[in-house]
Amino acid sequence: MRYSRFFLPTLKEVPAEAEIISHKLLLRAGMIRKLASGLYSYLPLGLRSLRKIEGIIREEMNRAGAQEVLLPLVQPAELWQESGRWDRYGKELLRLKDRHQRAYGLGPTHEEVITDLVRREVKSYRDLPLNLYQIQTKFRDEIRPRFGLMRGREFIMKDAYSFDVDDEALEETYQAMYQAYCRIFERCGLNFRPVEADTGSIGGHASHEFMVLADTGEDQIACCTSCDYAANVELAEVIHPSDHPDVRPSRPMTKVNTPGRRSVREVTEFLGISSDQLVKTLILIGDGRPVVALLRGDHELNEVKLRRSLGLEDLDLADSDTVQRITGAPIGFAGPVGLPGDLKIIADQDLFDLTDFVTGANEVDAHYTGVNWDRDVPRPEFADIRFITEKDPCPRCGGEIELRRGIEVGHIFKLGTKYSEAMGATYLDADGRERPIVMGCYGIGVGRTLAAAIEQNHDRNGIVFPRHIAPFEVIISPLNVKDALIVEAAEDIYNGLMAQGIETLLDDRRERPGVKFKDADLIGIPLRITVGKRLKEKNEVEIMDRATGKTISVPRDRAVEKTSEML
RNA sequence: CGGGGCGUAGCGCAGCCUGGCAGCGCAUCUGCUUUGGGAGCAGAGGGUCGGAGGUUCAAAUCCUCUCGCCCCGACCA
């Protein structure tokens with residue numbers, strides 16, 4: 001490709017809208033442009049990289065036995081009503097009507113469509129296993145799109161759906177997908193970690209997220225520094241010692257005046273206690289009913305864990321009026337003592353052995369000190385409902401936990417029979433019995449993978465593309481296009497590389513050397529061949545490695561050979 | 001949806017408080033010079049100041065409404 005004819009508008013300055021490095025560089029390198037919030041156009045350079053990633057995904061999916069399909073983006077509401085998600089999915093599902101007033105959703109994911117397809121065609125255990133995938137545009141009307149390709153409303157996703165006879169067979173498919181995902185992200189040049197994860201709105205029993213480690217990641221993950229345990233903090237278990245120390249109350253329960261002290265910090269400072277002596281009481285609404293969660297003052301409630309342990313669909317903090325109605329006091333003075341007996345109360349397991357603690361008195365400007373279980377307040381149900389911290393041990397090996405940030409580029413789920421049962425996707429087994437198909441689903445954010453790769457591979461001059469996803473493999477920079485010798489040499493090398501199938505960008509623009517160097521660095525092409533003064537002096541050209549900056553000089557007629565060796 | 005910020009030339013911004021010719025840098029176009037890290041000189045083009053309404057002799061500037069964009073929270077590939 002000749003740069004002078006290539007639609008590649010690079011920017012010297014960073015557009016004001018971009019915050020994180022991948023977004024800035026994608027814009028500056030002329031790879032994407034914004035149409036509206038969460039909606040981006042891919043320009044030729046960006047599309048080339050995107051296609052590289054898609055290519056890697058296709059190869060690995062096909063190798064793992066999956067087959068590519070292409071499903072409609074517009075999906076009839078009836079299908080979503082069958083699975084029950086028409087009502088449950090929420091506003092991320094963009095709903096629209098056609099001219100006949102029939103309702104449709106713009107596909108945020110394709111479980112319903114694929115299950116419908118498969119239930120019509122698959123009748124026998126002989127047809128299984130089956131694994132179908134597509135690479136296609138998804139639409140999710142996100143509450144807050146941000147960070148360029150990182151969280152768009154319209155985005156490109158690879159989604160795969162597997163169909164197996166039973167859980168055992170699903171396990172095998174799941175492992176094959178797990179391995180395929182590892183290979184995909186390795187080939188994309190990413191430093192990533194597979195982590196145990198929550199299943200969210202997709203449903204199912206087990207799942208792993210593939211996290212690219214980056215400080216700008218939106219997710220937090222807990223990694224063990226000794227073993228290979230890693231989990232999304234939403235899920236990471238907190239281990240509670242099983243041997244309980246023999247502890248007894250040592251102080252009477254006393255009501256104290258705490259004027260205007262609401263937050264953990266205000267109360268603990270006022271009373272001169274540490275925050276692990278305080279039990280904070282959070283009022284939530286779970287599936288329409290109030291739930292009280294108790295936690296140590298220095299711990300944070302993990303709503304995902306609470307939701308899972310209570311088997312709730314929906315969970316939210318209660319508003320101030322509800323808190324007032326339930327506890328009889330404004331926010332900041334709630335406590336377990338004297339709450340109505342029929343109220344669902346759940347305490348974090350770390351409170352089990354706590355004695356002489358402080359809580360709100362369900363009365364404005366008052367707390368209790370010296371509160372103890374059994375004596376002052378009945379023991380509630382205990383469960384692991386808080387976030388893991390770096391002070392907690394690894395739940396697998398007891399080692400040290402490190403909290404890191406990650407970008408979720410892939411997510412795999414064991415769905416089980418959730419969709420097949422709801423939608424009647426069954427097969428006949430060898431004994432002629434009708435059984436539900438056991439499903440799995442597997443997603444990769446393709447654009448997000450590109451953004452994550454840039455997030456992890458850049459320097460102050462621009463992108464440093466991993467080889468396999470670079471838009472071009474080589475850029476040739478003839479430094480003076482008015483010099484016939486230089487132009488001729490550059491053209492020769494260009495033709496030589498193209499003849500070998502090496503994707504090459506020839507910077508034939510009438511620009512000064514500095515401009516060409518800056519643009520080449522910005523767009524991050526792995527190898528740059530400089531044709532300049534050394535050609536005239538020694539008949540040599542230079543090959544520079546973008547990642548290391550290392551440069552070698554080679555005779556002009558060996559440039560093609562040497563370059564292809566270096567790739 | 002709640003909180004914060006921003007809309008002025010393609011991009012980055014100043015001007016707004018205190019109303020009075022719409023500006024700067026980069027980019028673009030022409031010519032000459034220059035050619036190893038975002039060149040120099042000379043010239044040129046480009047604006048409904050996000051939109052609507054209002055106040056005023058006069059509005060980018062003040063007021064009201066509205067639309068869009070970005071950041072922080074809940075959602076997710």
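**Note on the helix packing and the RNA-facing surface**

1. Helix 2 and helix 6 (residues 167–187) pack with their axes 9 Å apart and at an angle of about 155°, where axes are lines fitted to C-alpha atoms, for helices over the stretch in contact, and angles run from 0 to 180 degrees between N-to-C directions. That makes helix 2 roughly antiparallel to helix 6, given that angles under 35 degrees count as roughly parallel, over 145 as roughly antiparallel, 65 to 115 as roughly perpendicular and the rest as oblique. Helices (H or I, at least four residues) and strands (E, at least two) are DSSP runs, numbered from the N terminus.

2. This is a predicted model, in which local features need pLDDT of at least 70 and side-chain atom pairs count only at pLDDT 80 or more, while totals for chains, interfaces and linings use all residues. Residues are numbered from 1 along each chain as its sequence is written, chains are lettered from A and ligands numbered from 1 in the order in which they are written, and side-chain values use heavy atoms, with hydrogens and water left out.

3. The crossing of helix 2 and helix 6 is right-handed; a crossing is left-handed if the near helix is turned anticlockwise from the far one by less than a right angle, and right-handed if clockwise. On the side of helix 2, Ile56, Ile57, Glu59, Glu60, Met61 and Arg63 meet Met177, Ala180, Tyr181, Arg183, Ile184 and Arg187 of helix 6, contact meaning heavy atoms within 4.5 Å. This contact has 7 nonpolar, no polar and 5 charged residues, with Ala, Val, Leu, Ile, Met, Phe, Trp, Tyr, Cys and Pro counted as nonpolar, Asp, Glu, Lys and Arg as charged, and the others, Gly among them, as polar.

4. Helix 2 (residues 44–63) also packs with helix 11 (residues 446–456), at an angle of about 110° and with the axes 10 Å apart, and the two are therefore roughly perpendicular to each other. Here Gly46, Ser49, Leu50, Ile53, Glu54 and Ile57 of helix 2 meet Val446, Gly447, Thr449 and Leu450 of helix 11, a set that divides into 5 nonpolar, 4 polar and 1 charged.

5. A further pair is helix 12 (residues 484–499) and helix 15 (residues 559–566), whose axes come within 9 Å and cross at roughly 45°; these helices are therefore oblique to each other. Helix 12 passes helix 15 in a right-handed crossing, and the contact is made by Ile493, Gly496 and Leu497 of helix 12 with Ala559, Val560 and Thr563 of helix 15. By class, these residues are 4 nonpolar, 2 polar and no charged.

6. RNA strand B is surrounded by 52 residues, of which the closest are Ala16, Arg140, Arg144, Asp521 and Glu542; a residue is near a strand if one of its heavy atoms lies within 4 Å of it. Sugar and phosphate account for 47% of the atoms of RNA strand B that come within 4 Å of the protein. The surface near the RNA has 16 nonpolar, 11 polar and 25 charged residues, and helix 13 gives the most to this surface, with 7 residues.

7. Two backbone details deserve a look. The peptide bond from Leu128 to Pro129 is cis, with omega near 0°, and Pro129 is found in the loop between helix 5 (111–121) and strand 7 (130–139). Asp287, in the loop between strand 14 (279–286) and strand 15 (289–296), has a positive phi, near 45°.
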